[in-house]
Amino acid sequence: EHRTLVEELLPKIRPDFILLQWFINDVEGDSSEGRPTFRPLLPYAPLHNWLNSESAFYTVATMKWAEAQVAFGMTTSYSDYLQRRFSDPNSRDSRLDRGELEKLIAAADQQHVPVGIVLFPDTAAPIDEHYPFGYLHDRVLDTCAAHKLTCLDLRADFAPIKDRQTL
């Protein structure tokens, strides 16, 4: 969707610069095929949806319930799902993701608009040597280097913060 939006808006607004905010779920593109699903904390969808949007307590409880479902083997983790789809840089999904980023950069380049990317880490995971999404960040950074783009990976900035949930 980022590429589509850039291609649509570039000729209309003629920006001086495009700053793309990148997050790990961007690799999914339009397909969340195989993404783990979680049973809701409350089985009545209208109440679940209302509480999820209106109650911070319920939202946190829902997140903890999802973690429990992974721990009990009721579903797989989001990290495992991304690993399965994208760990191989030559997999179909990895090639599609790389292609979309390349097309976005090419569309901006064609209009002579520089692109920069800020990579935000998933703060739910430890941002250390065991950070489960480092390979995704590294691929975007490789693309940045190949195209000589200005890119900022915030892992090192976020890593020292003890209470990552405050981010």
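Helices here are DSSP runs of H or I with at least four residues, numbered from the N terminus. With that in hand, let us walk through this structure, which is a predicted model.

Start with the whole chain. The protein chain has seven helices and three strands, and along the sequence they follow the pattern α-β-α-α-α-α-β-α-β-α. Its C-alpha trace spans about 50 × 35 × 35 Å along the principal axes. Of the 167 residues in the protein chain, 34% are buried. When contacts between residues at least 6 apart in sequence are considered, 69% of them join residues at least 24 apart. The surface comes next: the protein chain exposes about 10,700 Å², and carbon and sulfur atoms supply 56% of that area. As for charge, there are 17 positive and 25 negative side chains, and the centres of these two sets lie 3 Å apart.

Now look at helix α5, which covers residues 92–110. At 1.5 Å a residue, its 19 residues should span 27 Å, and its end C-alpha atoms are 26 Å apart, which agrees. The buried residues of α5 are Asp93, Ser94, Leu101, Leu104, Ile105, Ala107 and Ala108. Seen down the axis of α5, these buried residues fall within an arc of 165°, so they line one face of the helix. What covers them? The cover for the buried residues of α5 includes the helices α1 (2–13), α4 (78–86) and α6 (134–147), along with the strands β1 (18–22) and β2 (115–119). Turned away from that buried side, another face of α5 carries the exposed residues Arg92, Asp109 and Gln110. After α5 comes His112, whose phi is positive, near 60°.

With a relative accessible area of 31%, Arg98 is partly exposed. Leaving out residues up to four places away in sequence, Arg98 touches Pro89 and Asn90. Arg98 can also be placed against a residue from another part of the sequence: Arg98 and Thr143 are 45 residues apart along the chain, while their C-alpha atoms are 8.2 Å apart in space.

Tyr58, Thr62, Ala66 and Gln69 are the buried residues of α3. Viewed down the axis of α3, they fall within an arc of 85°, so they line one face of the helix. The cover over these buried residues includes α2 (45–54). On the other side of α3, Ala56, Phe57 and Ala71 are exposed. Gly73 follows α3, and its phi is positive, near 75°.

Our last stop is helix α7, residues 155–158, where Arg155 has its place. Is Arg155 buried or exposed? Its relative accessibility is 18%, and because buried means under 20%, Arg155 counts as buried. Which residues are in contact with Arg155, leaving aside its neighbours within four places in sequence? They are Pro121, Ile127, Tyr131, Gly134, His137, Asp138 and Leu141.

Methods:
Residues numbered from 1 in each chain as written. Predicted model: local features only at pLDDT ≥ 70, side-chain atom pairs only at ≥ 80, totals over all residues. Heavy atoms only, no water. Helix = DSSP H or I, 4+ residues; strand = E, 2+ residues; numbered from the N terminus. Expected span 1.5 Å × (residues − 1). Buried < 20%, exposed > 50% of the residue type's maximum accessible area, 1.4 Å probe, protein only. Arc of directions from axis to C-beta. Contact = heavy atoms within 4.5 Å. Areas by Shrake-Rupley, 256 points an atom, 1.4 Å probe, with all protein chains shown as cover. Lys, Arg positive; Asp, Glu negative; His and termini not counted. Charge placed at Lys NZ, Arg CZ, Asp CG, Glu CD.
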